[in-house]
Amino acid sequence: MLTEPADTSGRPGGWYPGGIGGKIPITWNTFGEYLDHLRGLGTSVNIVQFVGHGALRLAAVGAAARAVTPEEQQGMERLLAEALDAGAFGFSTGLVYAPSVYGNTDELVSLARSMASRRGLYFSHIRGEAATLEQAAEEAIKIGEQGGVAVQIAHVKASGRENWGKMDRLLRMIDSARARGVDVTGDVYPYPAGSTKMDNLLPAWMHDGGISKLLERLTDPKARQRAIGDCLVDGERWRTGSGGMGWDEIMIATCSKPELAGIHIAELARRTGKEPAQAMMDLVMEERAGVSMVVFSQSEENVGTALRYAHTMVGSDSLSLHAGPGPHPGKPHPRSYGTFPRVLGVYCREKRLFSWETAVHKMTGMPATKLGLKDRGVVQGGRAADLTLFDPATVRDEATFPDPHRHPIGIPYVIVNGRVVVDGPRYNAVPAGRVLTPQ
């Protein structure tokens, strides 16, 4: 599981999001204490942890939209070193999210360079997946090249219909960097829609200072009009770093009002009698930036192209959901339930995009090699017994966008570190997983 933690600067008494609607009290002050917390949870899956650039920036700088001082840069590098000592595999960025978005390339290169001797990995949600896709990918490659570290580009995609033609150029950029000796790879989820918090539709300047300042700006009509001027195109499409999208392509996934889950912003506007942009901003404000969305912004053809590419592996980019006895709230992205069986059932068996061996390698051996996990990723004596047994004739995802809380079929057994976690129709809630550390 590749995740980015919440604010690991550690503010006891705060809260950490735990699945849909769940909250976990923050009891840790350091990255090492955070990993100890994870160990104490007794998870059923193995966990590989990166320290988030946003967390480093919050600890050293706060939520301000400004460049770091030399002293703050040194503070971030010190915190990164402490996280690596505790067991982090590197650092990750979310460069379309505040406060990570406020970091410039030099800041990130310096962080990368500070962990190069430790073989830390730079894992990046790049700075743009739409109009600036190529520049954003070039920045990620530059950080790896100048910092002397390996690079992983999260969910390789081209968002917004006007950007779909950039996929081939993006993959050629990765090929070119690899030919120069840069260890750059990516991961892909097998869906033409993404998901994130709805406040990410708002421009970066609205997030300056954190959630409280964002909510203040949402009460200011002038700030709203400035945001609309920045993002609304031709009165119909909303354009951000994640692409241009119509209001009927943005679906409410989860919020405190269950009757809204699954409807699009266009429908919300009709129900409320408001302009779509105003309806969206009202919802973000009312939910105190706690609403999530699913955005249909990619082409099926590009999804297949990115999956088939030799240097991508499979990643869900999903939240971890606790899906015990239902009913379950909201309409979260089905990738939380269906990513890996969908690759097997749809893209391997039905579309014949690649062989079974290649599909499995993209989910196991390739990510294990990227992370330097010498005891995992292949079936071999002496390796960890992390095994998934599936039926090639029946394996398939069952989760859909209208009905996402459905488990896949055709996977009778899942074994984690030698312990059976899925046994036919039965889930064994055993603490089989481990917090893995670099080897």
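1. In this predicted model, the buried residues of helix 6 make contacts with helix 5 (133-147), strand 8 (150-153), strand 9 (184-188) and helix 11 (300-308). The buried positions are M167, L170, L171, M173, I174 and A177. Viewed down the axis of helix 6, they fall within an arc of 150°, so they line one face of the helix. The face turned away from that buried side carries the exposed residues R172 and A179.

2. Just after helix 6, G181 has a positive phi of about 100°.

3. The open sheet consists of six strands in the order 5-6-7-8-9-16, with parallel pairing. Strand 5 (51-52) and strand 16 (312-314) are the edge strands, each pairing on one side only. Strand 16 is joined to strand 9 by three bridges in the parallel sense, and V188 is opposite V314 of strand 16. Helix 5 packs on the sheet, where it touches strand 7, strand 8 and strand 9; the direction of helix 5 makes about 160° with that of strand 8.

4. Helix 4 (residues 105-115) lies across strand 6 (90-94) and strand 7 (121-125). Relative to strand 6, helix 4 runs at about 165°.

5. The whole structure contains 29 salt bridges. One of them joins the side chains of E249 and R237, at 3.5 Å from N to O. E249 is in the loop between strand 13 (243-246) and strand 14 (250-254), while R237 is in strand 12 (residues 237-240), so the pair ties together parts twelve residues apart in sequence. E249 is buried, because its relative accessible area is 19% and the cut-off is under 20%. R237, at 27%, is partly exposed.

6. Within helix 9 (residues 265-272), E267 and R270 are three residues apart, about one turn of the helix. They form a salt bridge whose closest N and O atoms are 3.1 Å apart. In general, an α-helix has 3.6 residues a turn, so residues three or four places apart point the same way. E267 is partly exposed, with a relative accessible area of 25%, whereas R270 counts as exposed at 60%.

7. D282 and K274 also meet through their side chains in a salt bridge, at 2.6 Å from N to O. D282 is buried, with a relative accessible area of 15%, and K274 counts as partly exposed at 33%.

Terms used: Residues are numbered from 1 along each chain as its sequence is written. This is a predicted model: local features need pLDDT of at least 70, side-chain atom pairs count only at pLDDT 80 or more; totals for chains, interfaces and linings use all residues. Side-chain values use heavy atoms; hydrogens and water are left out. Buried means under 20% relative accessible area, exposed over 50%, partly exposed in between (1.4 Å probe, protein chains only). Helices (H or I, at least four residues) and strands (E, at least two) are DSSP runs, numbered from the N terminus. The arc is that of the directions from the helix axis to the C-beta atoms. Contact means heavy atoms within 4.5 Å. Two strands pair if DSSP finds at least two bridges between them. Axes are lines fitted to C-alpha atoms, for helices over the stretch in contact, and angles run from 0 to 180 degrees between N-to-C directions. A salt bridge is a side-chain nitrogen of Lys or Arg within 4 Å of a carboxyl oxygen of Asp or Glu.
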